[in-house]
Amino acid sequence: MAYTFGTLFFLVSCSFSIVYGYKVVTHDLPDKQATAEKYNYHFVLVPEELDNEYWRLVEKGAQTAAKDYGVMLEYVGPKQANIDDHLKTIEMSAASKVDGIMTQGLSDEQFTPLINRVVAGGIPVITVDTDAANSNRMAYIGTDNYYSGFLAGKALIADKLGKANVAIITGSFYANHQQQRVKGFKDAVKKEKGIHIIDVEESEISRVKAAEKAYQILKDHPEVNAFYGTSALDGIGIAQVVEKYKKQDQVYIIGFDTLPETIDYIRRGTIKATVVQEPFEMGYSAVKMMIDLIKGESVPSVVHTDTRILRIVDLPVSQLDRKVENR
Ligand code: BGC
């Protein structure tokens, strides 16, 4: 699997190097030259998981900016979240001498040394969505993950009137952003005597695993009456189980992100609230910031994109209409 992935990436990369290198060394083949000269830079965006809908939105933003600014943008990474594949992709992108790499800083132990090596080798790195704040990355753009978790905690207190037995399902115990989202939440609820955190489980950012964990939690801890899912697919997995066992009225769910399925569950009243992130904006601005950096312009080292809570009352009327249609 890793081998296939590596080979694929290598081939894609080679073809890019050939086309891209072409711009530098060849001036006598007008058609190919014209194609190559359309691009000013070659950047790579490495997501946590290639086909994850959330990351497709980051990609969409980055591709839009790439088009606006004449950048050749490659979107490559693990098919399913996998730290080794993720690190390998960054390493290979650096080896193919791209002009800039945009990726997450998932954990300090593994990502910081690699990011530092890449930057020392002359390739700028911008962290997107998840920061490796102690690394030499040039800038971070994404949610303030601690604050977003704090907001989730405050929303749960308000919605449950300060009384809940909560289970947390988090994407990963080891990733910086997931840890911060849990910490922010815990800090927000810690003074509430009526809020108890009963269990914290890991989904490996898989909706199937999130559903399995939710099922197990409800079985082992029947007192749980609220869930907090800290990555885009967790709330969806939890909601599937809660609907299956018809516990919508007893169990409160707060999730993350605004993927179409999450919005459906909010419309149906199964997910009560979600934390909004701006993945398109992250991708778009990351490309723009990378260009500014390369041009030697000053770029803020941290750019926090907007984050807020969304509930059914915040949905536009046009989206609520679909609820009536579905009946
Ligand atoms: C996070 C991403 C993560 C995704 C997984 C989002 O909430 O910001 O880092 O890869 O969830 O589904």
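**Ligand site between two domains**

Domain 1 (25–143 + 279–296) and domain 2 (145–276 + 310–320) each contribute residues to the shell around the ligand, so the ligand lies between them. The model here is a predicted one. As for where the ligand ends up, it sits in the largest cavity.

The ligand is surrounded by 14 residues, and the closest are Glu 48, Trp 55, Asp 129, His 177 and Asp 257.

The side chain of Glu 48 places an N or O atom 2.7 Å from an oxygen atom of the ligand. For His 177, the distance from a side-chain N or O atom to a ligand oxygen is 2.8 Å, and for Gln 277 the corresponding figure is 3.0 Å. As for cover, the ligand on its own has 310 Å² of accessible area, and the protein covers 100% of it.

Technical notes:
Residues numbered from 1 in each chain as written. Predicted model: local features only at pLDDT ≥ 70, side-chain atom pairs only at ≥ 80, totals over all residues. Heavy atoms only, no water. Near = heavy atom within 4 Å. Polar contact = N/O pair within 3.5 Å; in protein donor to acceptor, adjacent residues only side chain to side chain. Areas by Shrake-Rupley, 256 points an atom, 1.4 Å probe, with all protein chains shown as cover. 1 Å grid on protein atoms, 1.4 Å probe; cavity = no way out; pocket = protein on both sides within 12 Å on 5 of 7 lines; lining within 4 Å. Sits in = over half its atoms within 2 Å of the grid points. Domains from an automatic or database assignment.
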